[in-house]
Amino acid sequence: MSTGVSVSLRAIAKTFPDGTRALKPTDLTVAKGETLVFLGPSGCGKTTCLRIVAGLEKPDAGGRVLFDGADVTETEIEHRNIGMVFQSYALFPNMTVAENIGYGLKIRKVPPAERAKRVAEMLALTGIEPLRDRRIDQLSGGQRQRVALARAVAIRPRVLLLDEPLTALDAALRDRLRTELDQLLRSLGITAIYVTHDQAEAMSLGDRIVVMKQGEIVQVGTPREVYFEPNSRFVAEFIGAANVIEGMASEGSIRFPGGQLMLPEPPAEGRCTIMLRPEAIEIRAPAGEDWTGTVQGVSFLGDRQRVTIAGAAAEMIVAEAPNRTRLKTGDRVGLAVAPQALRILQD
Amino acid sequence: MKSRQLFSLACMVPAVIVITAFFLIPAVQLLFIASGGEAGLSRYLAVLTTPRYRDALLSTVALSMVVTATTLLIGGIAGIFLARNRFPGHGLLVAILTFPLAFPGVVVGFMVIMLGGRLGLVGQISEALGADRIVFAYSMTGLFVGYLYFSIPRVLLTVMGVAETLDNRLIEAARSLGAGPFAIQRDIVLPALVPAFVAAGSICFATAMGAFGTAFTLATRINVLPMVIYQEFTEAANLAMAAALSVVLGLVAWAILALARLRGGDNVAAAG
Amino acid sequence: MNRLAYALALFFTVLTAAFLAVPALMSMLAGVTQIYARGIASGLTIDWILEVWRLYADTIGRSIAIAMMTLVVTLLVGIPLAYAFVVRPSALTRALNELMTLPLAVPGLAVALAMLQLYGNIDWFRRSSLFIVAGHVIFTLPFMVRAVASTLGAIDIRTLEEGAASLGAGPLRRFLDVVIPAAMPGVLAGSLMVVTLSIGEFNLTWMLHTPLTKTLPVGLADSYASMRLEIASAYTLVFFIMIVPLLVAMQLVARSKSRKGMSA
């Protein structure tokens, strides 16, 4: 049941009455059925973006929001036919679980029989049938999250908007619900816009990720693109762990205090900044390696170990080693990196 | 969004109508009456120059100040004690000490009569002890007792409210540094309660300034400002003077309460 | 030393409570004593209460009616106002809040005087209990608004409303389905306060009443001035009986509210 519309944002910007610019003019299109994730630190404008799509905020003059090409900028939220999941869930404390889920249908004057049927479907879909007649204050955080989701989806919205829906939960539950949510979004085939500051959530849920910073989009791409090919130091460091190091490039390779590395095509010249993921660095015996350093510290993480290395570059760098490799502080090590794992950053 | 704005504006309309019709317009007109006519603004001067008005104003202020100081002392001790100790009967004590909040001034006046009237308890006791029958209800003393009666609950509640939120860890920290019980009261508890005392004191003062029912019950001859206003209006039919005195009384009370709110006391309730 | 201080403070507190409770108890007793000057020995009776009923039943009924009308008006006016205060705070709401609370600071006598000189000549209004209701509304409205606003402010009503809006509910629908149910604890506390204050209000009412619109406190003042002590006491007893359940209910509401606040 692929429902949903494409959503286009045209030159939307938001300046608050006190003059702060929450969002600089932004253009973006979300394809029908796509899950788009807005990712960024707090205050980056991602929630403002979502609230503009929802109709809870009005963009500055000139900005437009289109659903399937139709302008909805002036349409109030209650007439946009969207589903929204709030960070605090915003469940109505005076209604039961079933009444919460059926509320949007009641507003739409769906006959009681059909309403009951749809509520039952939603309860089944989110796996909370036994909670049907519970009051909201009798539910756990995870249960509330499911009710909020069921309530938003029950009205068959044109687009589902999720504002940090998992943030209020503890880590273990968050991981489990993330997987469930992913399956649900896939099975519904609904257009979804998801806001989070958690990069793991963004990568596992998003078809595409929009990375934002200080009211601006810095990069849009699939999870793989933003992970492997970040276009800036900010993206590289915000998504996953990254070594961002400076060196001197010439004749297809780049020099650091501890040696040199081959650059990918096309090579750069002069001072430049590169990004290396810790897992892309292979730790070897120092003999015969072009790039070496000294182990500064090892932290054992169970499935792998994280090794801090000094002397290889101007800054400390972090590499990952298999969990059984024996390393200790002071060991000299060689560092091998495949040229394509190394990314030249523009800023 | 437009409909939201319109709706919340619409939500204020009934209140604006009610407040404008029954308070704003009457109050503004009262101001005009107080400063209109031949006498004009000189009426306000008369408040200070005519002995009857001036004495009433001064004795009202003096009475309110003494009542405030006494109430803060009594309410402060009882309030801190009740907030910091739990014992059987605690709830009953708090209930007894707060129920008079809802008594109108006239009832408070009657309570003073029960204590210090012609058939009052104090008189009976003094007679039983062989002394003269003591009757104080119909004098300034009676008024003082009455004002204490309705002020203690207010002050007590305010002090208790703040004292209960006082962080116990502060006291534990002070003890860990070697402070004794007296030093703790002086250095930790009382400073933390200063805002509550300021708030409660101003409310107490403003309420005492405007209290009418108690004086009305005890005697029409006690010369406090609300009684004078009432007499100007009913007996002398001098609406303009009554209005001018009301404005002065209102300004004093309002100024004191505005001060209290600046210091964070929010439960401003004047009655009695 | 510590024990002595504790004992002294306890004694002092009990003494203060006695100061407040003893005259009230004495007056209750006086209301059911044959001849108070002779004490209980003269015998207990309900004659005085029956006499009060004969003389003053109308004031009791009228006070309840006025309190109910005041309650209805403060509910209709106060709940929307509190909502506007919480959801859209602005210079306008702040000014309105200031204006609304001013009658609490200004002595009731002055407020009554102001109303009298403006509406005193509108005969039907002056003679009706509605005149007193108007005064009571001005005096009690801030308590209703404050109680409702503090409840709404504590539960993030904006987000709840956004939730309802996202499901298609318009402003009025949201107000009825979400805001009012959420405001109920505050509405309850505010209502108890308004009714209690209205039933006990004297300062305004004494000035606004006419011989045909006497309320309970006005009747009390009348009985204190002109009736024998036993009747005045019996009448006061009736007032206590009316007001104490309201006060107890208020304390219970406040306690359940603070308990909820702790668990949340």
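Predicted model: local features only at pLDDT ≥ 70, side-chain atom pairs only at ≥ 80, totals over all residues.
## Extent of the A–B interface

Chain A contributes 6 residues to the contact and chain B contributes 4 residues. Between them the two chains bury about 430 Å², of which 41% lies on carbon and sulfur atoms. Of the area that chain A buries against chain B, 70% is supplied by Leu56(A), Lys58(A) and Glu76(A), more than by any other three residues.

## Helix 1 of chain A

Helix 1 of chain A, residues 46-54, is largely enclosed by the rest of the structure, because 8 of its 9 residues are buried; among them are Lys46(A) and Arg51(A), as well as Leu50(A), Ile52(A) and Val53(A). The residue that follows this helix, Gly55(A), has a positive phi, near 95°.

## Nonpolar cores

The largest nonpolar core has 260 residues, of which Ile101(A) and Tyr147(B) touch the most other members, while helix 2 of chain C (residues 47-87) gives the most to this core, with 16 residues. Leaving aside residues up to four places away in sequence, Ile101(A) touches Val119(A), Met122(A), Leu123(A), Ile128(A), Val147(A), Ala150(A), Arg151(A) and Ala154(A).

A second, separate core consists of 27 residues, including Ile254(A), Leu261(A), Ile309(A) and Leu342(A).

Conventions: Residues numbered from 1 in each chain as written. Chains lettered and ligands numbered in written order. Heavy atoms only, no water. Contact = heavy atoms within 4.5 Å. Buried area = accessible area lost by both parts, 1.4 Å probe. Buried < 20%, exposed > 50% of the residue type's maximum accessible area, 1.4 Å probe, protein only. Helix = DSSP H or I, 4+ residues; strand = E, 2+ residues; numbered from the N terminus. Core = buried A, V, L, I, M, F, W, Y, C linked by side-chain atoms within 4.5 Å.
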